[in-house]
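Here's a quick walk through a model, with the geometry and the cut-offs side by side. Have the viewer open while you read.

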Amino acid sequence: MGIRFILMVNKQGQTRLAQYYEWLTLEERRALEGEIVRKCLARNDQQQCSFVEHRNYKIVYRRYASLFFMVGVDDDENELAILEFIHLLVETMDKHFGNVCELDIMFHLEKAHFMLEEMVMNGCIVETSKANILSPIQLMDKAH
């Protein structure tokens with residue numbers, strides 16, 4: 001398993017979406033999220049890279065507008081591939097929501113989770129085609 005968790009966090013440090021691919025208690029998740037968010041938000045974008053090690057994870061993160069996308073991976077995972085995955089996730093959400101923002105995630109949380117579920121299964125990236133990721137969501141939208 002490569003990806004352990006995916007977090008979307010705003011600039012104030014509030015978690016807007018969290019998806020875990022390993023079992024952690026609610027207390028462990030809260031503590032882990034708090035530590036990671038404080039560590040990543042305190043870093044300087046201009047002088048530091050988008051990778052940080054924390055506990056037994058490697059955190060790969062990127063900021064898009066007011067949202068930070070943070071992915072916790074194993075030590076042997078390729079950081080650049082995960083940055084590319086984050087970019088694909090943002091592009092996919094942009095295509096569906098039209099320039100995705102924090103409110104889109106908050107008001108359509110189930111769609112954001114559905115996109116992630118189409119892309120990642122059991123911590124492994126299984127789909128990278130935006131059309132294949134979005135087609136089930138578009139079918140659900142037509143049904144409503």
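Glutamate 35 comes out as partly exposed, because its relative accessibility is 25%. For that label, buried means under 20% relative accessible area, exposed means over 50%, and partly exposed is what lies in between, with a 1.4 Å probe and protein chains only. Its partner is arginine 55: the two side chains meet in a salt bridge, 2.9 Å from N to O. This pair ties together distant parts of the chain, with arginine 55 in the loop between β3 (51–54) and β4 (57–64), glutamate 35 in helix α1 (residues 26–41), and 20 residues separating them. Arginine 55 itself is exposed, as its relative accessible area is 52%.

Before going on, some ground rules. This is a predicted model, where local features need pLDDT of at least 70 and side-chain atom pairs count only at pLDDT 80 or more, while totals for chains, interfaces and linings use all residues. Residues are numbered from 1 along each chain as its sequence is written, and side-chain values use heavy atoms, leaving out hydrogens and water. Helices (H or I, at least four residues) and strands (E, at least two) are DSSP runs, numbered from the N terminus.

## The other salt bridges

Why look for such pairs at all? Side chains of opposite charge can pair when their charged atoms come close. The rule used here asks for a side-chain nitrogen of Lys or Arg within 4 Å of a carboxyl oxygen of Asp or Glu, and by that rule the count is 7 salt bridges. One of them joins the side chains of glutamate 102 and arginine 16, at 2.7 Å from N to O. Here, too, distant parts of the chain are linked: glutamate 102 belongs to helix α3 and arginine 16 to strand β2 (residues 15–20), 86 residues apart. Glutamate 102 is buried, given its relative accessible area of 14%, whereas arginine 16 is partly exposed at 22%.

Another bridge brings lysine 130 and glutamate 91 together at 3.2 Å, N to O.

## How the helices cross

Axes here are lines fitted to C-alpha atoms, for helices over the stretch in contact, and angles run from 0 to 180 degrees between N-to-C directions. The axes of helix α2 (residues 79–97) and helix α4 (residues 109–119) come within 11 Å and cross at roughly 135°. So α2 is oblique to α4; the scheme calls angles under 35 degrees roughly parallel, over 145 roughly antiparallel, 65 to 115 roughly perpendicular, and the rest oblique. This crossing is right-handed, a label given if the near helix is turned clockwise from the far one by less than a right angle, with anticlockwise being left-handed.

Helix α4 also packs with helix α5 (residues 130–143), at an angle of about 140° and with the axes 9 Å apart. That makes α4 oblique to α5, and their crossing is right-handed.

## Inside and outside

Is isoleucine 82 buried or exposed? It is buried, as its relative accessible area is 1%. Isoleucine 82 sits in helix α2, and its C-alpha atom is 9.6 Å from that of isoleucine 59, which is 23 residues away along the chain.

Phenylalanine 107 lies in helix α3 (residues 102–107) and is exposed, with a relative accessible area of 60%.

## Two loop residues with positive phi

Alanine 65 isn't a glycine, yet its phi is positive, near 55°. You'll find alanine 65 in the loop between β4 and β5 (67–73), where it counts as exposed because its relative accessibility is 64%.

Asparagine 122, also not a glycine, has a positive phi of about 55°. It is in the loop between β6 (120–121) and β7 (124–125), and asparagine 122 is exposed at 57% relative accessible area.
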